[in-house]
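Colleague: Could you take me through this model? I would like to begin with the overall picture and then turn to details.

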Amino acid sequence: MDLTALLLSRIQFGSTIAFHIIFPSFSIGLAAWLTVLEALHLWTGRPVHRAVFEFWLKIFGIAFGLGVVSGIVMAFQFGTNWSELARMSGPIQGPLLSYETFTAFTLEASFFGVLLFGRSRVPPWFYLFSTAMVALGTTLSAFWIMANNSWMQVPVGYVIENGRFVPNDWFKINLSPVLWVRFPHMVLAAYLTGAFCAAATGAWYMLRGIFAVEARIMLRMGLYLAAVLLPVQGLFGHLNGEYVVHHQPSKMAAIEARWHDEKPASEVLFAWPDVENRRNLFAITLPPPLGSLIDSDSLSAGEVGLESIPPENWPPVVIPFFSFRIMVGCWLVMLLVAWVGSYLIHKGRIEQNRLLLWATFLSFPLPFISILSGWVTAEVGRQPWVVYGVLRTADALTPFLTARTVEISLAVYCVVYSFIFAFGIFYIYRLLRAGPEGRLVLPPAAAVPNRPMSVVDEDRLTPAARHVSAGE
Amino acid sequence: MIMFWVAILAVSILLYVLLDGFDLGIGILFGLTRDETRRHAMLSAVAPIWDGNETWLVVAGVVLWGAFPVVYATLFSAFYLPLLLMLAGLILRGVAFEYRYKTERMRGVWDAGFAGGSLVAAFMQGLTVGALVEELPIANGHYTGGEFGWFSPFAVLCGVGLCLGYALLGACWLVRKCEGDVREDAYRLIPYLSVALLAFLVVVFVYALAGNLRVVHRWLERPYLFVFPAISIVAAVVAAASVRRRRDGVPYYMVALIFAAAFGTLAISFWPYMIPFSITIEEAAAPYSSPYFMFWGEGLFVFPLMLLYTAISYTVFRGKVRPTADHY
């Protein structure tokens, strides 16, 4: 394949944003989970909730920090690589992303400082309030990002004047029905990420026979929450499918590998889409009207096939087809683990069931994989458009950008990211492995509001401080 | 409405330069010493606030995009490689604050990233300002210079100059926040850095005159601009006196005043252009509904809160950094 500036820019944007999304999706879920833990701690007064809280706060610190660092790059890339998009859609995307930055700065950064070293300085209710504000801040950030992306998926509330998108109805943009099914879908995904990470960590400790009390809490809360949220997520996933059917027929046809118009439609479960010959190889297909039922909640609805869309408007069919199935597959496995696990917890038998503990432990990558594959479905499926139906990705590129320039930047990002993230992830792993060891360790006073990651600098505590806090 | 966002943008950029300036400057000075006690003290002088300082860069970036999309698109794409290196530098120096304490073996690597990243980021910022002063090749509102259109000896000179300037700001901050060896070292460095910066300013001025840059005409057309150099001279004199008398608190404010004066000079000599001398504020502005939407939420409520929050965090961390107190 010829490596053009366009393709390289897409690879660069895709990989830097894929790296970025891992951390916010983790920290949105964790922030909500921390709020629940702190509320439980206040309500029940059990020290174990406090111990679990302090433990996950450290993990949150690193995930939050890495999310901030990798997010700064995103704020610049629209201008550097996609300057035509930035110029045309700036009047809409710019204000949405500026709201994201402003809310993130005030809610997340300032209240996070209280979380790190305000425990002894503020009343308990205010500490809980601050935790909730951090959770609200991360959720609001997600809202603005989804508002921005949803506008690119289904642009509304604008007119085109002098070659740029001029917003004429901000209510339409911020209250778009598309946004309001996609935003919950993302938040639920983040909560599921938090739930599965907590449950997997609990299962890990149980398998190793350590931290029994904490492990039970993590496992119970994680699996129960996941068992409830997964069906809701399924519902929102389905609602997302509906907007795709209505607004993005080319994406839907690619996801379903549907080549011809069908009425009522069949449903391809698995296949290898053969784009050249416009057919599916090795297909396992459910008969009509199941396709119509799944896509349009109808027994007789007609579904659009790729052949009635000009080929120059097709997305790369294979990628959304498989990424969608990976996402749904992960969801099914998570549903199985969460339901069986919850049943066993209910019966009080989970601690003896090593098979399920292993399954829970090993399922921790699943929410991450499904978030990434879901985003790949949404973004690759939108191609060849960057703003669906209005602006092509190829026309959004910085016009004078050369392949050599993007090769350089891609190489720099790859080196820097793999270097710092490998270290960050290794550090999260070390923390998780060590567990909530120094029970009720006070955050070191050296931790400060704008240094989220410093909360984990336990080695900076002097032995005396360690002793005092351990004895609390 | 659009003037409101011009003001917000100016405040954000100025705050960024004054705050992240000393922070990057300390990163540059950090590379000059190998002594762990000194290094730790230098880091402690900025550790609580560096992240907040950098936020102003992102704020300036998104305000630019929302209110002046043409400028955002034109400048960011024109400065592709400088911005890339600046971001890489900022990332490396940012993670070093945390990572260097997690490891003994790798500490050298993160320290090198901290000093090198700060230097590169400062240099790239100076270079972009230099390229703007010299004017980017722009035709019909589109950048036409190609991937190295920003490169010129003058731009490189400005890059070096800003490194010196930031280092001076950094030294003044160290004097203000530290005690003992670090403070003494910083006091010794200040005269050298000041002389080097002065020499740089002379060279830039001569270059600007010789190159017949349009900015120079602006200065002649608008003689009131000379109020800024006058302020700078007064500030420099006060700074010199305070350094001699070892008045720790004063030099940073004086050098900050010089920076503010330089910022004012540039801003007013560019006026009404946002990209000198091809795109005006008027031409760059987003349609009315964009800045309007931004005003009623983030402009009116969130921005003042951000200023307040910045002020509070500087109040909380005021006074000298005491290395021992840091551990409890």
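Predicted model: local features only at pLDDT ≥ 70, side-chain atom pairs only at ≥ 80, totals over all residues.

Colleague: What box do the C-alpha atoms of chain A fill?

Modeller: Along the principal axes, the box is roughly 70 × 50 × 40 Å.

Colleague: And what radius of gyration does chain A have, next to that of a compact globule?

Modeller: A compact globule of 472 residues would have a radius of gyration near 23 Å, and chain A has 24 Å, which agrees. Buried residues account for 51% of the 472 residues in chain A. Of the contacts in chain A between residues at least 6 apart in sequence, 75% join residues at least 24 apart.

Colleague: Let us turn to a helix. What span should α7 of chain A have?

Modeller: Helix α7(A) covers residues 212-247, which is 36 residues. At 1.5 Å a residue the helix should span 52 Å, and its end C-alpha atoms lie 50 Å apart, so the two values agree.

Colleague: Where is the kink in that helix?

Modeller: The kink, of about 30°, is at L229(A), shortly before the proline P231(A).

Colleague: Now the strands. In which sense do β3 and β4 of chain A pair, parallel or antiparallel?

Modeller: They are antiparallel, with six bridges between β3(A), residues 267-274, and β4(A), residues 279-286. One example is F270(A), whose bridge partner in β4(A) is I284(A).

Colleague: How many residues of chain B are in contact with chain A?

Modeller: There are 52 residues of chain B in contact with 52 residues of chain A. On the chain B side, α3 (50-67), α4 (69-78), α5 (80-99) and α13 (289-316) each supply at least two residues. The largest share comes from α5(B), with 13 residues. By class, this side of chain B has 34 nonpolar, twelve polar and six charged residues.

Colleague: Which residues does T80(A) touch?

Modeller: Leaving aside residues up to four places away in sequence, T80(A) touches F76(B), S77(B), Y80(B) and L83(B).

How values were computed. Residues numbered from 1 in each chain as written. Chains lettered and ligands numbered in written order. Rg over C-alpha atoms; globule rule 2.2 N^0.38 Å. Buried ≥ 20, exposed ≤ 12 C-beta atoms within 10 Å, placed from the backbone. Contact = placed C-beta atoms within 7 Å. Helix = DSSP H or I, 4+ residues; strand = E, 2+ residues; numbered from the N terminus. Nonpolar A, V, L, I, M, F, W, Y, C, P; charged D, E, K, R; others polar. Pairing = 2+ DSSP bridges. Expected span 1.5 Å × (residues − 1). Bend = angle between axes of the 7 residues up to and from the residue.
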